[in-house]
Each structure stands twice: as C-alpha cells, then as structure tokens.
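User: Hello! I am new to this structure and would like to learn how to read it. Could you walk me through it?

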Amino acid sequence: MSHINIFDTTLRDGEQSPGVNLNQLEKLEIAKQLERLGVDIMEAGFPASSQGDFEAVKAIAETVRNASITGLARTTKTDIDIAWEALKEAEEPRLHLFLATSPIHMNYKLKKTPLEVMETAVEMVSYARKKFPQVQWSAEDATRSDLPFLAEIVERVINAGATIINLPDTVGYSTPEDYGHMFRFIKENVPNIDNVILSGHCHDDLGLAVANSLAAIENGAAQIEGTINGIGERAGNAALEEIGVALTIRKDKYPYTTNLVLKEIKRTSDLVSKFTGMRVPPNKAIIGKNAFAHESGIHQDGVLKHASTYEIITPELVGIQSNDLVLGKHSGRHAFKDKTKQMGFELSPEKLAQAFHLFKQLTDTKKQVTDEDIFSILTDIQTDAETVKKYQLVAFQVHYASSTNLPTASVALTTPDGDRVETARTGQGSVEALYNTLEALVEEEIHITNYQLNSIGQGRDALAEAQVKLTVNGTPVSGRSSAQDVLEASAKAFLNAVNRIFLTQKKTQKEKAFL
Ligand SMILES: CC(=O)SCCNC(=O)CCNC(=O)[C@H](O)C(C)(C)COP(=O)(O)OP(=O)(O)OC[C@H]1O[C@@H](n2cnc3c(N)ncnc32)[C@H](O)[C@@H]1OP(=O)(O)O
Ligand SMILES: CC(C)C(=O)C(=O)O
Ligand SMILES: [Mg+2]
C-alpha cells in the first residue's frame, strides 16, 4: 500500500481565517497536539510576515521532534533567510516557497511575465536549497494555470533543487475531475517528476476540497495538505480529519496508509476550535456534535438492532468517549494530575495547582464535572501568559432592577501597574453595562467587534464560555474565558483580550528592529 504524507497548515493557512488571532502559547499547544495526531509535516507559520509569527515558528521548530516543521516564504532572499533563522533548529527543517503561475495572478498581482516568474522561481529554489535540506515549491493558483507552462516551470524548479512540488487549488475553483487531470498531466509531461513528492492543497469555496484532495491522491499525490476542522482563508481548506477518516473507512477504494492517530482527532479539533473561536457546526462530518447522533425512530430502531445499519464510523475511532463523566467533589490531587495527563496536558506545578483549585471550586457548585469542563479549565490555564503585566478582575456586581430601569454594573480591577480602580456604568443589557464599565476602567481605546456566549455541555449549571473580539488601540485581539456565571465569563473574556495587547506591544517594539 502506498503511503500519504499528511501536511497540516492549521497554524498558517488556518490562521488566515478572518478574525483568527492565535498567540504563541496557543500555537505551541496546537503544535504539540498535531504531533500527537501524527501529522508528518506541520506548517507553523509565515516567519517573514511578522515578529510574532517568526517567534512562534521558532518555538515550534525547537519543541516538536516527531514531525517536519515548515514555514512559508515568498520568492525573495529576505523571506528565505528569515525562514531559515526560524526553522534551523527543527528536526527536519523544510521551506515552503510559493509563486503564482496563473495568468490572472502573474498579470494583475505579480505584474511579471511568465518568463520572469520562471526565472524567479528557479533562482529562489536554488538559493533556498543552499540552506534547507527540503524545499517545497508551490505553484500558487495552479488550477487556473496554463498546463504546458505549469509543466515547464515544475520541471525547472525540480532541476533547481525542489524536493516537493505542490499544486494548490488556491481559490477552490477545481472539480475532482479537473484536479485529478492536472496531476495526471504533470506526471505524464514532466520528465523528472519521479524525483519529487507531489502534493495537493485544496480550498473549499465550492465545497469540494476533500473530494479534490482524494482525486489528487488517486492521481499521484503522495502528500496532502489541509487544516483541522477545515479552517482557513475564505471558505477554508480541506479538513484533514475528513481525509484521514475517509482513507480509513473506504480502504476498499483508497488503499493508502497515513501516520494519523485517529483517536487524537477529537482533542485536536476541540483545541483548534477553542483557541481560534471558530465553533464546529453540529452537522460537521466526523467531529460535529450530531455526527454520531440518531434522532429519528427508524434510525434509532436500526442502530439498536445493529449499529452498522446507520453508523459507518464509531465515535471511539476518532476519540469521542461515550461516557465523559469523570472526577468529583472527593477527588484529590493525584487523580486530578493523572486526569490532566490522560487528557494530554503537561502543566507546570504552579499551573496544575491553579487548575486543581478551579476544579475544586467547580465541584462545589456544579452537580457533575465532565471532561469538557476540565478541558476548558485546563486550556484556559495552559495558555494564560503568567509573566505578562495585566488587568485583573477584583469584583463586580450587576443590578438589574426592573424592565424600566437600565442595568448598572460596578467593577473593581487591578491595573497592570498594580493600582486598584473601580467605577460603575449603565447599559441596555447586563453584558453591555459590564462592558461599558470595563471600557471606562481600562486606559486603552477599545472597540468590540464580536461577542459570543456558549454553554459547555448541558444542564442549567453548565459552564458558560464567552469569546470576544475587539480592537485595542486599533490592534485586533480576541479573548475567551469560562465560568459558571455568564457575566463573570464575559468580564474575564474581555480582560483576557485586552491583556493580550501587552504581548503584542512587546512584539511591536521588537518588530521595528526586525523588519
Ligand atoms: C495563497 C496564500 O495563502 S499566500 C499566503 C498569504 N498569507 C498572507 O499574506 C499572510 C501574511 N501576510 C502579511 O503579513 C503581509 O502580506 C506581508 C508581510 C507578507 C507583506 O506585506 P507588504 O509588504 O505590506 O505587501 P502586501 O501584502 O501589501 O503585498 C504583497 C506583495 O508581495 C508580492 N508577492 C505576492 N506573492 C509573492 C511571492 N510568492 N513572491 C514574491 N512576492 C510576492 C505581491 O506582488 C506584492 O508585491 P508589491 O508590493 O510589489 O505589489
Ligand atoms: C501558499 C499556497 C500553497 C496556498 O496556501 C494556496 O495556494 O492556497
Ligand atoms: Mg491555501
């Protein structure tokens, strides 16, 4: 059976989703989880695009040992040099160099002739190979490129030293038949094509990304690129969990192996969803809440008689536990520590103590503490930047007197300089009153762009998770927090977002020296 390399780009193309803004701690947590999931290559970011991306890629390259780490670069020596500085400590550093080959992109965006594009690609691949043992070259917008031109440029970049050739459907325009045909054409018309690995990279603008990826595999691609939960630019990228499970469940049709550990899918999906704030729709294949739920009588009857009547995938295959009831009021530190390990967290002793304290507080007020609740506590704590100066919530109160009076919130905070400040404001609703008060207390200029409230699990005592997107002095940031009380979760999510600006500000100063 042939092997398919799985190339994950959640941290690069996935982070290009509008409104998504991951900090370094969150990126590292996702990277460690992708390693557990068994991806072969991880695209950790675009190092030359910002100091923040450079640092995150570097940290991931220095941490992850069981996957090849790559970073994106334009065809410029500066981008390649910066990428090398970020990636050189990786176990297997790899450069991902791209340049568009379609007439539309060459004419209107790059303003280069096909010959200039060809020469630039060859020169930069050859430059990159002096540093990197592996160079992947991507023909951006390959699916709208002239095929004979594509074949010629691919042949030349292979001669220049490219070791992987990626043919992306950048704008999600292709159909499975077109995409398969392009791979066959390149296989048949590029004489040195067997010296490299061919890769597929699909976007979901027409809802065909996974189907196109499978067509690429059937026509010679030995590497497939995608993201967890299918997040990414516009309608997103091919969802890797769907490709991994399709290759497993339909082995009869696709006789290929991957290194994916399918039971890590659920946890990976949960982490990505939580950190990006992009919730998974209930009907999403493989990891949606309804993916294994049977609602109608005839289906339920069938499943009770024999699960395979309506179930082609078992929840256990992708790591969904049927019974997620776990620790309770009387559990101690050892059991809790053991649980955190089982859930894939490696917490410092201080963070573990903090998590245990929150868990115990929750068992006092919530009837059943589930894995979902513990996961939420642990992810919040794991990615809380402890060293940064921050605003902290001391106390708050919201008065909702009657439907004729506006709610009033009073809040007390400690500021990054350690001062205590407090004030009160009204609003049309309780959350607005609270946010008006917080805005009045923080020094920074705040503009809220999005606010979402969800419950974690079920029941009237379920944890609330608030996610907020705002601009702080014009810089977009997002924050989240969970608590049993919706207002507490909302206030903490607001401060979580504002506090991120201190990380960003540190970077901005460095960035001046960097660019
Ligand atoms: C298909 C994809 O997903 S490609 C990856 C897209 N990802 C991103 O763009 C996210 C990160 N990007 C950024 O932070 C910024 O765009 C930066 C830092 C990379 C560049 O910022 P700026 O220098 O301000 O340029 P800006 O983004 O406005 O324009 C892009 C420039 O790169 C050029 N360019 C685009 N692709 C390439 C390429 N592969 N190689 C060389 N140059 C390229 C464009 O033609 C344009 O050049 P011009 O200024 O001469 O017209
Ligand atoms: C950078 C390239 C590979 C890309 O993301 C695309 O073309 O979609
Ligand atoms: Mg892409």
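Analyst: Gladly! Domain bounds come from an automatic or database domain assignment. For this protein chain the assignment gives domain 1 (2–276), domain 2 (333–382) and domain 3 (392–514). Between the centres of domain 1 and domain 3, taken over C-alpha atoms, there are 37 Å. Please keep in mind that this is a predicted model, where local features need pLDDT of at least 70, side-chain atom pairs count only at pLDDT 80 or more, and totals for chains, interfaces and linings use all residues. Residues are numbered from 1 along each chain as its sequence is written, while chains are lettered from A and ligands numbered from 1 in the order in which they are written.

User: How do I read the packing of two helices, and at what angle do helix 5 and helix 6 pack?

Analyst: Two packed helices are described by the angle between their axes and the distance between the axes. Helices (H or I, at least four residues) and strands (E, at least two) are DSSP runs, numbered from the N terminus. Axes are lines fitted to C-alpha atoms, for helices over the stretch in contact, and angles run from 0 to 180 degrees between N-to-C directions. Helix 5 (residues 114–129) packs with helix 6 (residues 147–159) at about 25 degrees, their axes being 9 Å apart. That makes helix 5 roughly parallel to helix 6; angles under 35 degrees count as roughly parallel, over 145 as roughly antiparallel, 65 to 115 as roughly perpendicular and the rest as oblique.

User: Which residues of helix 5 and helix 6 make the contact?

Analyst: Two residues are in contact if their C-beta atoms, placed from the backbone, lie within 7 Å. Helix 5 brings P114, M118, A121, V122 and V125, and helix 6 brings F149, I153, R156 and V157. By class, 8 are nonpolar, none is polar and 1 is charged (Ala, Val, Leu, Ile, Met, Phe, Trp, Tyr, Cys and Pro count as nonpolar, Asp, Glu, Lys and Arg as charged, and the others, Gly among them, as polar).

User: How are helix 8 and helix 9 packed?

Analyst: Helix 8 (residues 209–218) and helix 9 (residues 240–249) meet at an angle of about 50 degrees, with axes 10 Å apart. That makes helix 8 oblique to helix 9. V210, S213 and L214 of helix 8 form the contact with E242, I243 and A246 of helix 9. Here the classes are 4 nonpolar, 1 polar and 1 charged.

User: Which residues are around ligand 2?

Analyst: A residue is near a molecule or strand if its C-beta atom, placed from the backbone, lies within 6 Å of it. Around ligand 2 are D13, L72, F98, S138, E140, N166, P168, T170, H201 and H203. Strand 6 (134–140) and strand 7 (164–169) each give at least two residues to this shell, which divides into 3 nonpolar, 5 polar and 2 charged residues.

User: And which residues come nearest to ligand 1?

Analyst: S49, R74, T75, L99 and L110 come nearest, out of 15 residues around ligand 1. Two or more residues of the shell come from each of strand 5 (93–100) and helix 4 (103–110). The shell around ligand 1 has 4 nonpolar, 6 polar and 5 charged residues.
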